Amino acid sequence: MNFEFRAIYWRDMLKFFRFKSVLFSSLIQPVMWLAFFGLAMSDSFDKLTSLVPTVSGVPVVDYLSYMGAGIIAMDVLFSSLFGGTTLMFDKKFSLLRETLASPVPRFHIILGIGLSGVTKAFIQTFIIIGFGKLIGMDFFKGYTLAETLFALVGIMLLVAIFTLGFLFLSGSIAITIENPEGMQSILTLLSMPLFFISNALYPIDSFPAILKFLSMFNPLTLLADGIRYFALGPDFSVMGNHYVYTTADISISFLGLIFFALSMLSAAMWRFNKVDV
Amino acid sequence: MSGNVIEVNNLEHSYGSVKAVDNISFSVKQGEIFSFLGPNGAGKSTVINILTTLKKIQKGEARVNGYDVAKESKSVRRSIGIVFQMLCLDHEMTVSENLEYHGKIYSMPKKERKQRIDELLKLTDLESKKNTLAKDLSGGMKRRLELARGLMTKPAVLFLDEPTVGFDIQTRMRMWEYLREIKREGTTIFLTTHYMEEADQLSDRISIIDHGKIIVTGNADELKNKLGKDLIYLETSDNKTAAEILRSLRSVKTVTEDTKSLRVLIAEDVTHVLPQLMEKIRGEGIEITTVNIKKPSMDDVFVQYTGHGLREGDEKEKQQGMEMVGVSQ
């Protein structure tokens with residue numbers, strides 16, 4: 001068993017903590033989403049939907065808590081989607097040559113970058129949950145300590161699989177594309193439908209049928225659903241919409257994300273094996 | 001292995017219809033510095049890329065440290081160190097972190113890594129720069145750091161692709177000192193260069209390569225002596241006739257007519273030949289305007305074997321070299 005991916009991971013983390021601007025912005029960004037967008041939207045949503053009759057006998061969740069799960073998903077999406085960019089610069093400034101000329105299998109390069117992305121995603125997830133609790137997000141309400149820990153582990157697993165998938169995707173684009181502008185525009189183009197055709201920030205129950213159908217295959221929807229299952233429970237209502245997550249639903253989230261991550265991994269392997277030094 | 005660290009037989013490589021490497025065979029002995037001397041585009045880098053398994057071998061056979069380049073690429077990679085033509089250091093990491101990373105990707109144990117880093121920083125005089133970010137080093141220091149990195153894993157052979165391109169002569173001469181020191185420690189070095197002095201001063205053996213072919217191989221003195229003992233440059237009022245007269249003399253090996261002057265290679269000691277030679281030319285009523293005597297240099301060897309100079313386009317190459325270094329700044 002080889003562990004060369006640890007070297008790739010080590011280098012990436014070293015630079016993450018060295019570039020203070022990157023470190024600072026990636027830590028502050030989730031807080032800003034929650035503090036500005038979250039509070040503003042939740043106030044107006046709660047006001048707009050205050051007259052909607054609640055579903056009786058089901059715990060009511062406020063919009064901030066509903067959206068908190070989506071913010072985790074979205075924040076992790078953006079950082080992992082753009083996370084592969086480092087590979088493009090490494091290739092451009094021929095830093096990758098040293099690694100590509102070494103006995104390190106290409107899979108280890110992808111894995112190392114992926115795992116460092118997962119670490120960063122965990123840090124962001126904890127910041128959102130922590131700061132969210134401070135401003136009144138009702139995650140893990142009424143949970144025992146064991147239940148909370150179980151829920152956290154569930155969320156971390158989902159976040160990890162999701163992040164790996166998007167880093168593999170981002171890495172394959174980065175290794176193929178030559179210039180930063182091209183990379184930037186492809187990623188922005190990709191993030192638009194992912195972001196809007198999902199239930200990260202709003203319920204999709206009243207979406208047009210086609211968008212609703214598409215959103216079921218969106219990894220962002222799968223992740224947001226999964227986080228809600230673990231953080232808010234399997235049965236709640238928000239803004240008059242009744243949410244029930246069955247074991248089948250959470251299994252779909254896991255399986256869908258695993259399928260996504262594996263497909264992206266094979267795409268990344270395909271692209272990486274084509275890279276010429 | 002018969003003491004050869006590199007063994008290449010009938011190597012060929014094409015890019016589309018262009019043959020970059022044309023049926024090359026050579027071997028590099030344990031512990032020597034072996035140079036490929038030739039202009040840009042002669043096929044030097046292609047050979048290096050094939051030997052370091054960065055390019056798939058198309059035709060022929062190559063073994064490095066006893067391993068087949070085509071079938072045992074992983075073992076080949078473990079046996080070698082590479083210093084690429086372009087600088088490729090991580091500028092946001094310190095000197096020792098750059099080395100540390102290299103040790104890690106080659107799975108060196110921690111203790112061994114630390115010890116080797118200390119040794120190499122000493123060897124390359126970078127001890128005081130240990131914790132300096134790579135971007136804050138001078139060009140020469142960066143190159144030395146790359147040299148240290150190439151030696152991290154104690155490779156059987158170190159490949160250097162144009163190691164001093166774009167450097168001033170002082171920096172270049174310092175680099176040569178380091179390379180000699182590395183050789184003394186027992187590392188075999190294979191380098192490509194288009195600098196005559198580099199090949200001349202540094203190498204145990206040189207292969208002159210042009211248009212993908214090895215033209216001649218030998219040590220610098222051998223190559224120069226083959227040309228003749230001395231070289232005379234003459235300018236006369238009638239070069240054409242003078243050349244004919246010279247060719248008829250027994251002591252003259254070859255005469256080449258350049259645009260303005262005659263290049264005369266002499267087989268014997270020039271001090272005895274010159275008076276007689278000048279007298280003969282004057283006797284035919286030809287006036288001699290300039291005489292210049294020198295020992296054959298690598299330049300002369302190169303011109304003799306390839307039929308053209310290496311200096312043509314040299315300025316352009318130098319510029320390209322600077323740009324290459326500049327890219328990674």
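**View 1. The hairpin of strands S1(B) and S2(B).** S1(B) and S2(B) make a hairpin with two residues between them, and in its turn Gly16(B) has a positive phi of about 65°. This is a predicted model, in which local features need pLDDT of at least 70, side-chain atom pairs count only at pLDDT 80 or more, and totals for chains, interfaces and linings use all residues. Residues are numbered from 1 along each chain as its sequence is written, while chains are lettered from A and ligands numbered from 1 in the order in which they are written. Strands (E, at least two residues) and helices (H or I, at least four) are DSSP runs, numbered from the N terminus. S1 (residues 4-15) and S2 (residues 18-29) of chain B run antiparallel and are joined by eight bridges; strands pair if DSSP finds at least two bridges between them. Look for His13(B), whose bridge partner in S2(B) is Val21(B).

**View 2. The open sheet of chain B.** Four strands lie in the order S2-S1-S4-S5 (chain B), with antiparallel pairing. S2 and S5 (67-68) of chain B are the edge strands, each pairing on one side only. Two bridges link S4 (residues 59-64) of chain B to S5(B), and Arg63(B) has Asp68(B) as its bridge partner in S5(B). Helix H1 (residues 44-51) of chain B packs on the sheet and touches S1, S2 and S4 of chain B. The direction of this helix makes about 120° with that of S1(B); axes are lines fitted to C-alpha atoms, for helices over the stretch in contact, and angles run from 0 to 180 degrees between N-to-C directions.

**View 3. Where chain A meets chain B.** Here 19 residues of chain A are in contact with 20 residues of chain B, contact meaning that C-beta atoms, placed from the backbone, lie within 7 Å. On the chain A side, helix H1 (5-18) and helix H5 (96-100) each supply at least two residues. The largest share, six residues, comes from H1(A).

**View 4. Helix H6 of chain A.** This helix covers residues 106-134 of chain A. Its 29 residues should span 42 Å at 1.5 Å a residue, which agrees with the 43 Å between its end C-alpha atoms; the expected span is 1.5 Å times one less than the number of residues. After H6(A) comes Gly136(A), with a positive phi near 100°.

Terms used: Two residues are in contact if their C-beta atoms, placed from the backbone, lie within 7 Å.
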